[in-house]
Amino acid sequence: MEEHIAEIYDQEETTVEDVELIMELLKLHQCKNVLEPFCGTGRILLPIARSGVAITGMDGAKMMLNRLQEKLKEETDMVKNSVSVIHAELMSYTWPRGFDAVILGGNFFFEFATLEEQQRILRKAYQSVKNGGFIFISTDSIEKELPDHWCNVNVENRAFPSGICEDGIELKAYSKPVYVDKANKIWKAERRLEVYQNNKLTKEYTWEIQKYPIGYSEIVDMISRLDLEIIETWGDIKTRKPFSTGDDKATLWLRKK
Ligand SMILES: C[S@@+](CC[C@H](N)C(=O)[O-])C[C@H]1O[C@@H](n2cnc3c(N)ncnc32)[C@H](O)[C@@H]1O
């Protein structure tokens, strides 16, 4: 079943604008050796490897990395030789060091339940990049309180991963907020995943998640505690507009001093 989740991820996450921006930045700053924590199935990693940059991808989900490895089989030897893959739980793992750049893309901050965990991840990225190297961050940004549409407690909505796989297996996922602290941005939800084969429900999984939807000013505060400088920001990658207050997405390019 887990490989079906990875397949639906690839069906749903097809954004290319962030990948184009990252590739431009890596070229401009001559980054040759890159680390991508939370690389998933390689949406960002593979185009970077195809451009001749050496890249190490890390992820805790074997199913996502398996799919990446399958895609790699179709690539040239040059691309295969440019990629290293590490399977690890990244909060506890000691990340490798000495990279020209670390890519923290794909809304990675929202994988974590607290600001402290998010801070730990940024610190690890900081330690992995060499002096004068770069960190790319791209995330949704919720600046003050949780918006109303996050706060419908006990209302179940369809969520990721929902869709039909090549082998006909259908996944229907649901998310139901069970605890919301609007002002302090604490959000807990029950997740439910139904698996259908030939239109019959064959399995059901439930679990709980917690998120801390971070905002731009909290990211800037974290950055100020490390020896990092903000080189450029974007509030909309498509138009390349710099970040301004109220934007619901934040992308930053940082340099380690
Ligand atoms: C939303 S996906 C993003 C994938 C890729 N960066 C992209 O943008 O397409 C997030 C990835 O982070 C991984 N992940 C989340 N928490 C993790 C953790 N604590 N340790 C390792 N991997 C984690 C998940 O397995 C998943 O593949």
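**Briefing: fold, domains and ligand shell**

The secondary structure of the protein consists of 7 helices and 11 strands. The model is predicted. An automatic or database assignment divides the protein into domain 1 (2-141 + 214-256) and domain 2 (148-211).

**Overall dimensions**

- A compact globule of 257 residues would have a radius of gyration near 18 Å, and the protein, with 19 Å, agrees with this.
- The C-alpha trace spans about 55 × 50 × 35 Å along the principal axes of the protein.

**Domains**

- Domain 1 is assigned as two segments, 2-141 and 214-256, while domain 2 is assigned as 148-211.
- The distance between the C-alpha centres of domain 1 and domain 2 is 25 Å.
- Contact between the domains involves 9 residues of domain 1 and 10 residues of domain 2.
- On the side of domain 1 that touches domain 2, 5 residues are nonpolar, 2 are polar and 2 are charged.

**Helices α1 and α4**

- Two packed helices are described by the angle between their axes and the distance between the axes.
- For helix α1 (residues 2-12) and helix α4 (residues 62-73), the axes come within 8 Å and cross at roughly 65°.
- The crossing of α1 and α4 is right-handed.
- On α1, the contact is made by Glu2, Glu3, Ile5, Ala6 and Asp10, and on α4 by Met63, Met64, Asn66 and Arg67.
- By class, the residues in the contact of α1 with α4 are 4 nonpolar, 1 polar and 4 charged.

**Ligand surroundings**

- There are 16 residues around the ligand, and those that come nearest are Phe38, Gly40, Gly60, Ala61 and Gly106.
- The shell around the ligand divides by class into 7 nonpolar, 4 polar and 5 charged residues.

**Backbone details**

- Phenylalanine 160 and proline 161 are joined by a cis peptide bond, with omega at about 0°.
- Proline 161 of this cis bond lies in strand β6 (residues 157-164).
- Asparagine 154 has a phi near 70°, which is a positive value in a residue other than glycine.
- The loop between β5 (129-140) and β6 holds asparagine 154.

Key
Residues numbered from 1 in each chain as written. Predicted model: local features only at pLDDT ≥ 70, side-chain atom pairs only at ≥ 80, totals over all residues. Near = placed C-beta within 6 Å. Nonpolar A, V, L, I, M, F, W, Y, C, P; charged D, E, K, R; others polar. Axes fitted to C-alpha atoms, helices over the stretch in contact; angles between N-to-C directions. Helix = DSSP H or I, 4+ residues; strand = E, 2+ residues; numbered from the N terminus. Left-handed = near helix turned anticlockwise from the far one by under 90°. Contact = placed C-beta atoms within 7 Å. Rg over C-alpha atoms; globule rule 2.2 N^0.38 Å.
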